[in-house]
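This report describes the arrangement of strands, helices and side-chain contacts in one protein model. Please consult the sequence and the structure shown below while reading.

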Amino acid sequence: MGEKNLWSKVGLIVLLVGLSISQMFPLKKRLKPGIDLGGGYSALFEIDDSNDDSPDLAEKVMNILKQRIDPGSTRNLVWRPIGRNRLEIQMPLVKVDSEARQAYEQARQALADTAITEPQIRAALMLEPARRDERFRLMSEGVASRKALFARLSELDDQYRRVVQAADTQPASTQPAGTTQPADTQPALAAT
């Protein structure tokens, strides 16, 4: 076992350590700190054991809660029974990507800027036709598909107003109030 064999072993160790260290970079993406360094929450619960004397009570409760809270184990929760009747649950702090958050807020604001409520549409329909069309034109800016919808809505609203106006100008029916069937023009047959 000469010096040549020693240097090859040292070289192999240095190579393996170098490869291991290179796999850790970039550190922020590869190494995720625990709740002590990265932040998070740790909750310790004491289970009421007055009706259960089983030695694995905390394990049973842990399994039930896992199935209800995190059935797919996707939330990165740490479950740890402590003793017979205590359970610790650790939740790491979720860090929000600021670029993704900013893009979300911009998209939400763009959607809110183009939002139209039902009261706004009803208020526009109450205006005279020229002002109504101008209001609908302003509401459809930035969303081309609304122009055709508002045109159709205006057309239907005009038809409705004409029908209502015609109904108001016609004389009242001779039928008693509350009937919805047309008057029977043929006399009823007498039962014999």
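## Salt bridges within helices

Glu-118 and Arg-122 form a salt bridge whose closest N and O atoms are 2.9 Å apart; a salt bridge here is a side-chain nitrogen of Lys or Arg within 4 Å of a carboxyl oxygen of Asp or Glu. Both residues belong to helix H6 (residues 118-125), where they are four residues apart, about one turn of the helix. Helices (H or I, at least four residues) and strands (E, at least two) are DSSP runs, numbered from the N terminus. Arg-122 counts as exposed, at 53% relative accessibility. On this scale buried means under 20% relative accessible area, exposed over 50%, and partly exposed in between (1.4 Å probe, protein chains only).

A salt bridge also joins Glu-134 to Arg-137, with the closest N and O atoms 2.6 Å apart. These two residues are three residues apart in helix H7, a separation of about one helical turn. Glu-134 is partly exposed, with a relative accessible area of 36%, and Arg-137 is partly exposed as well, at 41%.

## Basis of the model

The model is predicted: local features need pLDDT of at least 70 and side-chain atom pairs count only at pLDDT 80 or more, whereas totals for chains, interfaces and linings use all residues. Residues are numbered from 1 along each chain as its sequence is written, and side-chain values use heavy atoms, with hydrogens and water left out.

## Salt bridges between separate parts

The whole structure contains twelve salt bridges. One of them links Arg-84 with Asp-49, the closest N and O atoms being 2.7 Å apart. Arg-84 is in the loop between S2 and S3 and Asp-49 in the loop between S1 and H4, so this pair ties together parts that are 35 residues apart in sequence. Arg-84 is partly exposed at 26% relative accessibility, and Asp-49 is partly exposed with a relative accessible area of 26%.

Salt bridges also link Arg-132, Asp-133, Asp-157, Asp-158 and Arg-161 in a network.

## The three-stranded sheet

Three strands make up an open sheet in the order S1-S3-S2, with antiparallel pairing; two strands pair if DSSP finds at least two bridges between them. Strand S1 (40-46) and strand S2 (78-82) are the edge strands, each pairing on one side only. Neighbouring strands of the sheet are turned by 15 degrees against each other on average, direction ignored. Axes are lines fitted to C-alpha atoms, for helices over the stretch in contact, and angles run from 0 to 180 degrees between N-to-C directions.

S1 and S3 pair over seven bridges in the antiparallel sense, and Glu-46 has Arg-86 of S3 as its bridge partner. S2 and S3, also antiparallel, are joined by five bridges. Along S3, Glu-88 is the bridge partner of Arg-80, and Arg-86 stands opposite Ile-82. The hairpin of S2 and S3 has three residues between the strands, and Gly-83 in this hairpin takes a positive phi near 70 degrees. Helix H4 lies across S2 and S3 and runs at about 160 degrees to S2.

## Nonpolar cores

The largest nonpolar core consists of seven residues: Ile-47, Leu-57, Ala-58, Met-62, Trp-79, Leu-87 and Ile-89. Such a core is a set of buried Ala, Val, Leu, Ile, Met, Phe, Trp, Tyr and Cys residues joined through side-chain atoms within 4.5 Å. Helix H4 (57-69) and strand S3 (86-92) each supply at least two residues of this core, and H4 gives the most, with three residues. Apart from this core lies another, of five residues, among them Ala-124, Leu-125, Phe-136 and Phe-150.

Leu-57 touches Ile-47, Asp-48, Asp-49, Asp-52, Arg-84 and Asn-85, not counting residues up to four places away in sequence; contact means heavy atoms within 4.5 Å.

## The aromatic pair

The count of aromatic pairs comes to one. Phe-136 and Phe-150 form this pair, which is stacked, at 4.4 Å centre to centre and 0 degrees between the planes. Rings of Phe, Tyr and Trp (its six-membered ring) pair if their centres lie within 6.5 Å; planes under 30 degrees apart count as stacked, over 60 as edge-to-face and the rest as tilted. Phe-136 lies in helix H7 (residues 129-139) and Phe-150 in helix H8 (residues 145-169), so the pair ties together parts that are 14 residues apart in sequence. Phe-136 is buried, with a relative accessible area of 4%, and Phe-150 counts as buried at 8% relative accessibility.
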